[in-house]
Amino acid sequence: MKTRYILSILCAAFLLQSCYKPGKIQIQNNINSVEIYDVQWGDIDVSGSLFPGETSGKLKVYKSEAELPESHIVSFKMTANQKTVFLKTVEKYKLEQDEELLIILDDATAVENPNN
Amino acid sequence: MKKLVFALATGLLLLGCQKDDGLTSASRNVVSENSSIAFEDLLMLISLKTAGGDYLVVESVDSINVFINNGHWAKISSSPFDTTNVDKFALGNRTLTDDKLNYLVLADQDIREPDFTEAGEYAQFLNASYDLDAGEYVCFIESFQVTFNDNTTQTYYPLLYQTFKVETNTRSAFVGEIELNID
């Protein structure tokens, strides 16, 4: 009886786990004349360095990293001319389960520096 | 009483620690990866010579529009000058002197700082500031303004080129003594 109970719990857990479909996220750098790097969606590292016009690979966001759907800001370091600044988007970007989210950062993207 | 003096002394010390670094928020947040000494300003001495061979006496020469090579560098005024002890005379709406009178111009690079609410504005700011590496450059004085005794202002366009040299790891460069002719 006890074994059956444990098995049913395990099965239920397995079923619940298998129902979770990871979302995919990628970032495109459309900001003129700057490189961005250390790009994060919330606390999740999405991309290393992105040159103008470059798009990152699709990053799968698993349940262990985020309980989708979740909304987070994107933070990144912007560099040009041997100078760098850390920025965060004002807008939060929502990622659903089984969704492919392409976040395009361009000149008009509202950003802030936490130091301001 | 001792406690009061101690508290006051501590307060003064703490106040003394709060220094204004004189940087804008954007400049404070931007990190430079260049380990060499950043070039900051151009130094020049300018004098304003009239057609009669005298020199104009004013408190400052304003709106001096300076370009380096092809890029705009700054639009600045000369350092304010106390003319009280200058041996001078009045002629019409002008004050003149027989002796050459130099005005000091310290020209920091003038970078227009936008509101910094969009990524593109930060990108523009990062790209706008450029360092002058060691080498020869041309300083172009496009225009300047002077205010006469009757508070009228006149803009002059000397369109003058002057070469100067930037040495490695220097914070400033002396462009030279420049005599600008005015009517």
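Pro69(A) sits in the loop that joins β4 (59–61) to β5 (70–72) of chain A. In this predicted model, the peptide bond leading from Leu68(A) into Pro69(A) is cis, and its omega is near 5°. Most peptide bonds are trans, and most residues other than glycine have a negative phi.

Asp98(A) is not a glycine, yet its phi is positive, at about 60°. Asn151(B), also not a glycine, has a positive phi of about 65°. The table sets out where each one lies.

| Residue | Phi | Loop | C-beta atoms within 10 Å |
|---|---|---|---|
| Asp98(A) | about 60° | between β8 (93–95) and β9 (100–106) of chain A | 10 other |
| Asn151(B) | about 65° | between β9 (135–147) and β10 (153–156) of chain B | 7 other |

Because it has 14 C-beta neighbours inside 10 Å, Asp110(B) counts as partly exposed. Which residues does Asp110(B) touch, leaving aside those up to four places away in sequence? They are Trp73(B), Ala74(B), Lys75(B) and Ile76(B). Trp73(B) is 37 residues from Asp110(B) along the chain, but the C-alpha atoms of the two are separated by 5.9 Å.

The remaining points concern the interior. In soluble globular proteins, nonpolar side chains tend to be buried together. The largest nonpolar core here has 26 residues, and those with the most contacts inside it are Ile36(A), Met78(A), Tyr122(B), Ala123(B) and Leu126(B). Elements giving two or more residues to this core are β1 (23–30), β2 (35–41), β4, β6 (74–80) and β7 (83–89) of chain A, along with α3 (119–128) of chain B. Which element gives the most to this core? It is α3(B), with five residues.

Not counting residues up to four places away in sequence, Ile36(A) touches Asn29(A), Ile31(A), Leu50(A), Phe76(A), Lys77(A), Met78(A) and Leu105(A). There is also a second, separate core of 23 residues, and among its members are Ile46(B), Tyr103(B), Phe144(B) and Val175(B).

Key
Residues numbered from 1 in each chain as written. Chains lettered and ligands numbered in written order. Predicted model: local features only at pLDDT ≥ 70, side-chain atom pairs only at ≥ 80, totals over all residues. Helix = DSSP H or I, 4+ residues; strand = E, 2+ residues; numbered from the N terminus. Buried ≥ 20, exposed ≤ 12 C-beta atoms within 10 Å, placed from the backbone. Core = buried A, V, L, I, M, F, W, Y, C linked by C-beta atoms within 7 Å. Contact = placed C-beta atoms within 7 Å.
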